[in-house]
Amino acid sequence: MTEVAEMDSAVVGNEFELPESWRQVLAGETEQPYFAELAAYVAAQRAEHEVFPPRGQVFSALAATAYQDVRVLVLGQDPYHDNGQAHGMSFSVLPGTKTPPSLRNMFKELNTDLGLPIPDNGYLMPWAEQGVLLLNAVLTVRAHEANSHKAKGWEKFTDAVIKAVSARPEPCVFVLWGNYAKKKLPLIDTERHAVVQGAHPSPLSARLFLGSKPFSQINEALVGFGGEPINWRIPDLKA
């Protein structure tokens, strides 16, 4: 372990402690050398740079949606890299934060697809509480530098999360938007689970995303499994 990691071992331990429901499932990953190296790398980055999401929020998605409760897995790439945006759940921002462009396009599509009103906030916790795991492939990023923590170990860890969900007997809907996410398809048992693929909601590919009706596809798959559809409505925060 590096000198930085030794100096900051208590912080590393706290920051990289998994939520209880995921701890046993992912023990094989967290005990591997690469995970200790990843923890040391993030600690060193935090010592020298501003890193998002803030310490303590890296595993927010896993904390919000327990392993046994996952019904839908929405895969993002890496956290938002501007101030006050990332809080550990893909596409989501905390209340009071301006809704980023990709999420605005998701809300536009929800309006077109399911007739839901566009909310005044981008806090997606109501989805997570219904079993929607909002997972990024990379869980940390340097401020204002997209993909700056790429290929440091996070992808190996989150691949293990995807495979762990795929290994459960309960069916799940995996949502792969964009070419990056679609590369994860081999990790999924498509005989038992449903996969919804399409363009990324980013403004760069919005013309392909808008009109693709992914949310109704997800709900149709859930109902086909004998489950309940997701209520995709995000409540307004302002009275």
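Met106, Glu109, Leu110, Asp113 and Leu114 in helix 7 meet Pro214, Phe215, Ser216 and Asn219 in helix 12, where contact means heavy atoms within 4.5 Å. Five of the residues in this contact are nonpolar, two polar and two charged. The axes of helix 7 (residues 101-114) and helix 12 (residues 214-224) come within 8 Å and cross at roughly 65°; axes are lines fitted to C-alpha atoms over the stretch in contact, with angles from 0 to 180 degrees between N-to-C directions. Helices are DSSP runs of H or I with at least four residues, and strands are E runs of at least two, numbered from the N terminus.

The model is predicted: local features need pLDDT of at least 70, side-chain atom pairs count only at pLDDT 80 or more, and totals for chains, interfaces and linings use all residues. Residues are numbered from 1 along each chain as its sequence is written, and side-chain values use heavy atoms, without hydrogens and water.

Phe215 also takes part in an aromatic pair. Its ring centre is 5.0 Å from that of Trp232 and the planes stand at 65°, so the pair is edge-to-face (centres within 6.5 Å; under 30 degrees stacked, over 60 edge-to-face, the rest tilted). Phe215 is buried at 1% relative accessible area, and Trp232 is buried at 2% (buried is under 20%, exposed over 50%, partly exposed in between, with a 1.4 Å probe and protein chains only). Trp127 touches both Phe215 and Trp232, and its contacts also include Met106 and Leu110.

Elsewhere, Phe16, Tyr34, Phe35, Phe59, Trp154 and Phe157 form one aromatic cluster.

Notes. Nonpolar A, V, L, I, M, F, W, Y, C, P; charged D, E, K, R; others polar. Phe/Tyr/Trp six-rings, centres within 6.5 Å; stacked < 30°, edge-to-face > 60°. Lists of a residue's contacts leave out its neighbours within four places in sequence.
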